[in-house]
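Hi there,

Here is the structure I promised to pass on. Have a look at it first, and then read my notes below.

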Amino acid sequence: MRWFIGFHPKYQDEGKNLVQDFLSSGADILFTHLNAGDKITVNEPLLKSKVLIVFLENPLNDPQVWQSIPQLIENWRNCWGSVYIITTTDKRMVDIVKQKLSASSYVPLWANLPYTYRLYQLKVEPRYGDYLLAWVCSPLKGKKEIEAASVFVKIKIHDYSTGGPTIWSKEMMFESRGLIWAAVFDSFSRAFTSAAISRKPAIMLRTTAQLFDIYFDVDPTFLESIILCQDTWNWLVEARKILDNLDYAIEWGLKLYNFFERHEEFWKWEIVWQRFLDQTGIKIPKDMTPLHHFPPNYFYKEYFDDKEYFPQGPWSQEPPAVNWETGLGL
């Protein structure tokens with residue numbers, strides 16, 4: 001069965017074209033995001049023989065989004081032959097999905113960056129630099145707070161214009177001291193998972209973002225694995241301590257890494273790939289998009305065979321999603 005990746009930003013505004021492109025591609029499986037919403041609820045007889053896989057999240061913890069999800073799932077079930085959900089691990093999301101679908105129809109996930117995971121596979125040792133990394137592209141990602149903090153502590157700020165995910169992974173593993181974070185719009189956060197897998201500490205300002213529920217609901221000791229600050233003053237003080245004291249940084253980096261190791265079933269590619277196959281009978285394609293969530297325009301087809309940069313495993317023997325062959329969605 002061939003996959004079509006419907007994660008390109010253009011499909012957020014052109015949902016009808018998403019279904020048309022999917023059907024034109026000849027693929028069997030459409031993988032897309034909650035943002036597609038009603039745009040993939042289409043009265044099209046051909047969809048009755050197709051599979052829909054949707055990633056669900058609510059980064060803002062928006063009450064209206066929570067209210068809309070059950071009906072969306074019901075609508076998708078009425079239009080598509082089969083529906084599967086890849087979702088976050090917070091109790092509220094899991095309960096909603098359980099009410100609408102069987103246990104075998106959803107897979108909880110903590111997504112992460114391909115190059116970060118490849119470095120993990122290769123057992124590369126981290127190096128600790130003299131600055132903190134932050135990924136902010138909007139006020140909802142803590143832009144104002146991070147920019148203000150950068151006056152007092154050394155921070156390197158990334159957004160969509162400063163390079164792709166491989167650059168971030170390199171800098172997190174080899175150059176940074178850790179992650180500084182202040183978002184109100186975030187779910188599992190690939191910036192955060194990259195810090196955890198790279199054994200780097202996370203200095204986090206307490207917000208209403210979904211992220212805290214995602215990790216806390218799995219294991220309340222999560223709050224003991226991050227440097228959690230209730231106000232900006234202590235957040236800045238802790239950031240300064242991480243930069244001034246390497247042993248302190250390594251200690252907190254290991255706490256976060258150990259938390260992730262205790263819950264490997266949510267993020268290790270080999271485990272998630274096999275679990276998805278066992279539950280659905282479907283093999284995730286070579287590009288492994290459901291585990292990293294980057295749209296097709298981020299990578300060349302050849303990237304997935306690059307043993308230096310892209311994780312290797314049983315998926316490496318599968319074909320990539322059809323986007324890389326048809327050009328649709330690129």
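The buried residues of helix 4 are Pro114, Tyr115, Thr116, Tyr117, Arg118, Leu119, Tyr120 and Gln121. Buried here means under 20% relative accessible area, exposed is over 50%, and partly exposed lies in between (1.4 Å probe, protein chains only). Helices (H or I, at least four residues) and strands (E, at least two) are DSSP runs, numbered from the N terminus.

A word on the basis: this is a predicted model, where local features need pLDDT of at least 70 and side-chain atom pairs count only at pLDDT 80 or more, while totals for chains, interfaces and linings use all residues. Residues are numbered from 1 along each chain as its sequence is written, and side-chain values use heavy atoms, leaving out hydrogens and water.

Eight of the eight residues of helix 4 (residues 114-121) are buried, so the helix is largely enclosed by the rest of the structure. Its buried residues pack against several helices, including helix 6 (165-174) and helix 10 (246-262); contact means heavy atoms within 4.5 Å. Lysine 123, with a positive phi near 60°, follows helix 4.

There is also an open sheet of five strands, paired in parallel in the order 7-6-8-9-10. Two strands pair if DSSP finds at least two bridges between them. Strand 7 (155-158) and strand 10 (227-229) stand at the edges with a single partner strand each, so one side of each has no neighbour in the sheet.

Finally, valine 184 sits in the loop between strand 8 (178-181) and helix 7 (190-197). Valine 184 is partly exposed, at 28% relative accessible area.

Best wishes
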